[in-house]
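Biologist: I am new to this structure and would like to understand the words used for it. Could you take me through them slowly, setting each value beside its definition?

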Amino acid sequence: MQTPHAVETDAVVIGAGPVGLFQVFQLGLQGIHAHLIDALPHAGGQCVELYGDKPIYDIPGIPVCTGRELADLLLRQVAPFKPACHLGTLVSGLSAQPDGRLRVETSQGAHLLARAVFIAAGVGAFVPRTLKVEGIDDWVGTQVHYQQLSAGVDVTGLQVVVHGGDEPAVARAVDLARRGDAAGVTLLHRRDVFQAPDALLAELQQLRDAGRIAVVAAQITGVEVANGRLAALRVADAEGQPHNLPLDVLLAVLGISPRLGPIADWGIALERKQLVVDTASFRTSVPSIYAVGDINTYPGKRKLILCGFHEATLAAFGAAEAIKGDKVALQYTTTSPRLHQLLGVAPVGY
């Protein structure tokens, strides 16, 4: 079988959380273009996914910001360097090439040929928690979706079941009911109790009272298929009584969990599921692979965003030296006309 054509690039950054975004920025300052890959459908990593609206107090020059605001600021900082972004994408394979470059394969079928790879995957790739129901995997991507509806899915005139009991599930159900294009919206959870802000719960109750959302307290036990389609969920209520819940689309919003995934198979030295690095450049035991942020380990390691920023800076310098063949990595200063040009700011006082 012919090997698919690979897109050549200077670097690949795996992980679009704050440290991964800052890694792209630091590489850009060194003149190194990067492709950015993340399993989540948006940038920001766990800062956005787990505490997007909670305050962060330890970012220099920013007295307080939320995780979502920090991600937005970093995206603005990165924008001048125009990284190629692959979101909602997992890295499915990585292999060293005879010329020393690294071939990166993704779950979306992309093949990238990079001179350096930077792993900034935090505690691992965040992937949706899935349903353990026999037969349901056959419909993933068509009638069954996790965390959010896949791009291009039209629910107009369809019966939609949202499964989950936390804020994201309630928010998805409320949004679908508010839009009004689905024929019906059902919120399915094992209990008629939901963990969400009071304002969102009040809106849910209003929609229930208006007959625009139905709530079913039950657990999924199986699926019913008819005419080659998923037709219903088999569920059992609190008393164990079985019945069928008809549907056209199931959106399971069950949260996410970190997974080290294929990184564990890349031959990189590991210690307690973390990547061992040299703190001079944050290279791993595999040439041209660097690890920054919570994914790495070394004596005195601190799991702080600021530590990750420091590591990303040193990793960028190390990569610039290796890629460019210079003894000293190219560094821009605050008075550099080139830096002003890249960032679109006017020089001040020079």
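Modeller: Let me begin with a pair of charged residues: Glu203 forms a salt bridge with Arg178, and their closest N and O atoms are 3.1 Å apart. Please keep in mind that this is a predicted model, in which local features need pLDDT of at least 70 and side-chain atom pairs count only at pLDDT 80 or more, while totals for chains, interfaces and linings use all residues. Residues are numbered from 1 along each chain as its sequence is written, and side-chain values use heavy atoms, with hydrogens and water left out.

Biologist: Why is the contact of Glu203 with Arg178 called a salt bridge?

Modeller: The term asks for a side-chain nitrogen of Lys or Arg within 4 Å of a carboxyl oxygen of Asp or Glu. For Glu203 and Arg178 the closest N and O atoms are 3.1 Å apart, so the pair meets that definition. Helices (H or I, at least four residues) and strands (E, at least two) are DSSP runs, numbered from the N terminus.

Biologist: What makes Glu203 and Arg178 partly exposed?

Modeller: Buried means under 20% relative accessible area, exposed means over 50%, and partly exposed is in between, with a 1.4 Å probe and protein chains only. Glu203 has a relative accessible area of 25% and is therefore partly exposed, and Arg178, at 44%, counts as partly exposed as well. Salt bridges that share partners join Asp175, Arg178, Arg179, Asp181 and Glu203 into one network.

Biologist: Which residues form the salt bridge with the closest N and O atoms 2.5 Å apart?

Modeller: That salt bridge is formed by Arg68 and Asp53. Arg68 lies in helix H3 (residues 67–78) and Asp53 in the loop between helix H2 (45–49) and strand S3 (55–56), so the pair ties together parts that are 15 residues apart in sequence. Arg68 is partly exposed at 35%, whereas Asp53, at 59%, is exposed. The structure holds ten salt bridges.

Biologist: How do you know that the buried residues of H5 line one face of the helix?

Modeller: In H5, which covers residues 198–209, the buried residues are Leu200, Leu204 and Leu207. Seen down the axis of H5, they fall within an arc of 65°, so they line one face; the arc is that of the directions from the helix axis to the C-beta atoms. These buried residues pack against helix H4 (167–179) and strand S12 (184–189), while the face turned away from them carries the exposed residues Asp198, Ala199, Gln206 and Asp209. After H5 comes Gly211, whose phi is positive, near 75°.

Biologist: Why is helix H1 described as largely enclosed by the rest of the structure?

Modeller: Twelve of the twelve residues of H1 are buried, and that is why the helix is largely enclosed. H1 (residues 18–29) reaches 17 Å from its first C-alpha to its last, close to the 16 Å expected at 1.5 Å a residue, where the expected span is 1.5 Å times one less than the number of residues. Just after H1, Gly31 takes a positive phi of about 75°.

Biologist: What makes a set of residues a nonpolar core?

Modeller: The members are buried Ala, Val, Leu, Ile, Met, Phe, Trp, Tyr and Cys residues joined through side-chain atoms within 4.5 Å. Of the 59 residues in the largest nonpolar core, Leu27, Val117, Phe118 and Ile119 touch the most other members. The largest share of this core, eight residues, comes from helix H6 (residues 305–324).

Biologist: Why is Asn296 called buried?

Modeller: The relative accessibility of Asn296 is 0%, so this residue counts as buried. Asn296 is found in strand S21 (residues 296–297), and, not counting residues up to four places away in sequence, its contacts (heavy atoms within 4.5 Å) include Gln274, Phe282 and Glu311.

Biologist: How do you know that S14 and S15 pair?

Modeller: Two strands pair if DSSP finds at least two bridges between them. Five bridges join strand S14 (residues 229–237) to strand S15 (residues 242–246), which run antiparallel, so the two strands meet that definition. S14 and S15 form a hairpin with four residues between them, and Gly240 in the turn has a positive phi of about 85°.
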